[in-house]
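Subject: Structure for your review

Dear colleague,

Please find the structure below.

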Amino acid sequence: MTTRLVLATRNLAKLAELRRILEAGQIPVDVADLAEYPGMPEVAETGLTFAENALLKARAVAAFTGLPAVADDSGLCVDALNGMPGVLSARWSGKHGADEANLWLVLAQMSDVPAGRRGAHFTCAAALVLPSGAEQVTEGVLAGSLTREPRGSNGFGYDPIFVPAGGQLTTAQLSAAEKDKISHRGRALRALAPVIAALLG
C-alpha cells in the first residue's frame, strides 16, 4: 500500500519537484498538496529561522490532515546585509509576495557595494512531520553573488539578480531542469527523500 504525504503548498511547481525527487529515489509515496484540503487555514510564519517556519507549517498540516506532511521555507541571505532579508525575504519590502518590490529594494540597499563584496546565498529548510510527532529537518544552500540589474525571466523571487557560484547566468536565466539540479530547495528535498523512505517505508 502506498503511503500518502501532504506537501504544505498550493504551488504546482513545488509539488512536481518533490514528486520527481521521490520517483528518482524509487520511494513509493503518493504526494498531495493543499488544493486537496481546501479547509486548511493559513499558517503564520512567525519563526526566527527557516527551519522553525518549515516546522510550523508541517506540524499544522499534519495536525489538520492526520497525514505525514512536508513543508519548506526559503530565502535570500546577503552577506553585506548581515544575512538579511533571510526569513523576511518574501515580505522584505513590506508586502508579502511582492517579488519586484523586494528585488529592487535589495538592489537599492546594495547599490554602493563593490563586486567583490556582493556575496549571497539561498537557503531552504525542508521539514517532515509525522502525525506520531516524529520530526526531521534538512537544509540546502546555493552560494553565489548578486548582480546590479535583473537578468532573465524564468524562476521567481530574487532569481533575476542571483548568479550561482562558478556560473555566469542568473538563476532566472537557467532552465527549470538546470535550476532543479543546483537549487537550494532541490538540495533540501533530496536530503529529505531518504528520511521519508526510512520513516514511511
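Two strands are taken to pair if DSSP finds at least two bridges between them. Helices (H or I, at least four residues) and strands (E, at least two) are DSSP runs, numbered from the N terminus. This is a predicted model, in which local features need pLDDT of at least 70 and side-chain atom pairs count only at pLDDT 80 or more, while totals for chains, interfaces and linings use all residues. Residues are numbered from 1 along each chain as its sequence is written, and side-chain values use heavy atoms, with hydrogens and water left out.

Strands

Strand β1 (residues 3–7) pairs with β3 in the parallel sense over 2 bridges, and V6 stands opposite A69 in β3. Strand β3 (residues 69–78) also runs antiparallel to β4, to which 10 bridges join it. In this pairing A71 stands opposite A127 in β4, and L76 has F122 of β4 as its bridge partner.

On its own account, β4 pairs with strand β5 (residues 135–146) in the antiparallel sense over 11 bridges. Here the bridge partner of A120 is G144 in β5. The hairpin of β4 and β5 has 5 residues between the strands, and G133 takes a positive phi near 110 degrees in it.

As to burial (buried meaning under 20% relative accessible area, with a 1.4 Å probe and protein chains only), 9 of the 10 residues of β3 are buried, so β3 is largely enclosed by the rest of the structure. Strand β4 (residues 119–129) has 10 of its 11 residues buried and is therefore also largely enclosed by the rest of the structure.

Helices

Two packed helices are described by the angle between their axes and the distance between the axes. The axes of helix α1 (residues 12–24) and helix α5 (residues 184–200) come within 9 Å and cross at roughly 50 degrees. The two helices are therefore oblique to each other, a class that holds the angles left over when those under 35 degrees, over 145 and from 65 to 115 are set aside.

The contact (heavy atoms within 4.5 Å) is made by K14, E17, L18, I21 and L22 of α1 and by R185, G186, L189, R190, A193 and I196 of α5.

Yours sincerely

Technical notes. Axes fitted to C-alpha atoms, helices over the stretch in contact; angles between N-to-C directions. Buried < 20%, exposed > 50% of the residue type's maximum accessible area, 1.4 Å probe, protein only.
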